[in-house]
Amino acid sequence: MKKDLTYIEAVEKYPDFPKFTILKLDLYRRGTTYSDKVVAEFGEHPGPAILRDGTSVLTFPAKGRPDPYVIDFHNGNLGVFYNGEYLEDIDFCPVPEFYGKKTSSGMEMSRVGMYRPQRLDLWAYRFCHYWKGGNQCKFCSINYISNTRLKTGRGYELDIADIRETVAEALKEPGRFSMITITGGADPEGEEPFDSELNRYINVLQAIGENFKSRRVPTQLVCCAMTRKQIKKLYNETRLLSYCPDIEVWDKEKFQWICPGKEKFIGYDNWVRSMLDAVEFFGKGNVCTNIVAGCEMSKPYGFETEDEALKSIFQGAEFLAKNGVAMLALVWSPSKGSVFQDQKQPSLEYYIRLAQGLHDIRKAYGIKVDTDDYKHCGNHGDSDLSRID
């Protein structure tokens, strides 16, 4: 097995690749912990972080990870450390003004809307029905997290009135938010499969839309793949800008193994068809999908080499780009509570090559990812590269 590069070694080997993006990728990959002094000042969950060039990173406490980065104070500022060595300055994103306020029902707005530097996140439904019968995606820990941290006192579903008031309050802060993302767990219930999920999101999007006058609102929905009929209803009845059904794994056989619920209730072919159908409504570049990059190499049925995995992903990314759909990559971090919690991640080089390859494919086909760029998301090293074109 080849030696895994450290951040410093990777910067030296890939001098034309932005070093801050390399650090971001590895922060996600290895995870971060916070010193006692940082926790004392900012709390256990201090929120998104920002590197010196403006790159945002969704840091989270990586308790139990074998080789994490540490965020600690350095010469009066916050810094990133690895094995005790200072690497770079870092800072936490300012907490938005609506935090600490409550809706008229008494719900803390911080339990309704979460934040990134320029994006407001709404987890409208915090339970995934795929977990029933063990059909959850094998990398996923949403139900575990919901039960321990995200579940509100009123259950798993956010109240529409609370959403409406929280969004209205968040938008009062000048220049803070330029994108709103809505997501939640899968819900296959309804007259037709997933009608319950569809109608829930329509209600949420309509509540958000009341704060705007434009036909389309800077919103992105991360959801299950819908039928053409459902997509048309979603498009016609809301002001949604971007539709993002995350396929998670491109290879069909790996998808069927890793995402059994998605295969059982929707199926791989229907998932791909949904993305292609949606371009007719939302337009080129406004339909995207994420892969949880690296989980396709999990044992025992995953790809055996990084080259095989990258070849599969790039073939999928090019196919989608030809059809107006953007593929983006999330760095897979085996999380507690998931089936894959003890699996091993691929190397840092894999993520560098992946980010560059996905960016190059989208660029070649004229696919822009304005709803998932470095300003609006912060999860994707590949879309960060668009800022330097």
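Is Cys224 buried or exposed? In this predicted model, Cys224 is buried, with a relative accessible area of 6%; buried means under 20% relative accessible area, exposed over 50% and partly exposed in between, with a 1.4 Å probe and protein chains only. The model is a prediction in which local features need pLDDT of at least 70 and side-chain atom pairs count only at pLDDT 80 or more, while totals for chains, interfaces and linings use all residues. Residues are numbered from 1 along each chain as its sequence is written, and side-chain values use heavy atoms, with hydrogens and water left out.

The 389 residues of the chain are 57% buried. The C-alpha trace extends over about 55 × 45 × 45 Å along its principal axes. The secondary structure consists of 13 helices and 13 strands, where helices (H or I, at least four residues) and strands (E, at least two) are DSSP runs numbered from the N terminus.

An open sheet of six strands has the order E1-E4-E5-E6-E2-E3, with mixed pairing; two strands pair if DSSP finds at least two bridges between them. E1 and strand E3 (56–57) stand at the edges with a single partner strand each, so one side of each lacks a neighbour in the sheet. Strand E1 (residues 32–34) pairs with strand E4 (residues 69–74) in the parallel sense over three bridges, and Tyr34 lies opposite Ile71 in E4. Between E4 and strand E5 (residues 77–82) the pairing is antiparallel, over five bridges. Val70 has Phe81 in E5 as its bridge partner, and His74 is opposite Asn77 in E5. The hairpin of E4 and E5 has two residues between the strands, and Asn75 there adopts a positive phi near 50 degrees.

Zero disulfides were found in a search of the whole structure, a disulfide being a pair of cysteine sulfur atoms within 2.5 Å. For Cys224, which is in no disulfide, the nearest cysteine sulfur is that of Cys223, 6.8 Å away. The sulfur of Cys288 has its closest cysteine sulfur in Cys244, at 3.4 Å, too far for a bond. Cys288 is buried, with a relative accessible area of 1%.

Asn286 is located in the loop between helix H10 (268–282) and strand E12 (287–293). Its relative accessibility is 21%, so Asn286 counts as partly exposed. Asp372 is 86 residues from Asn286 along the chain, and their C-alpha atoms are 9.9 Å apart.

The second largest pocket holds about 220 Å³ of space. A pocket is defined on a 1 Å grid over the protein atoms alone, as an open set of points where a 1.4 Å probe fits, with protein on both sides within 12 Å along at least five of seven lines; lining residues have an atom within 4 Å of a point. Grid points are joined across faces, edges and corners, and the volume is the space filled by probe spheres set on the points. Among the lining residues are His359, Arg362, Lys363, Asp373 and Asp389. The lining comprises two nonpolar, three polar and six charged residues; Ala, Val, Leu, Ile, Met, Phe, Trp, Tyr, Cys and Pro count as nonpolar, Asp, Glu, Lys and Arg as charged, and the others, Gly among them, as polar.
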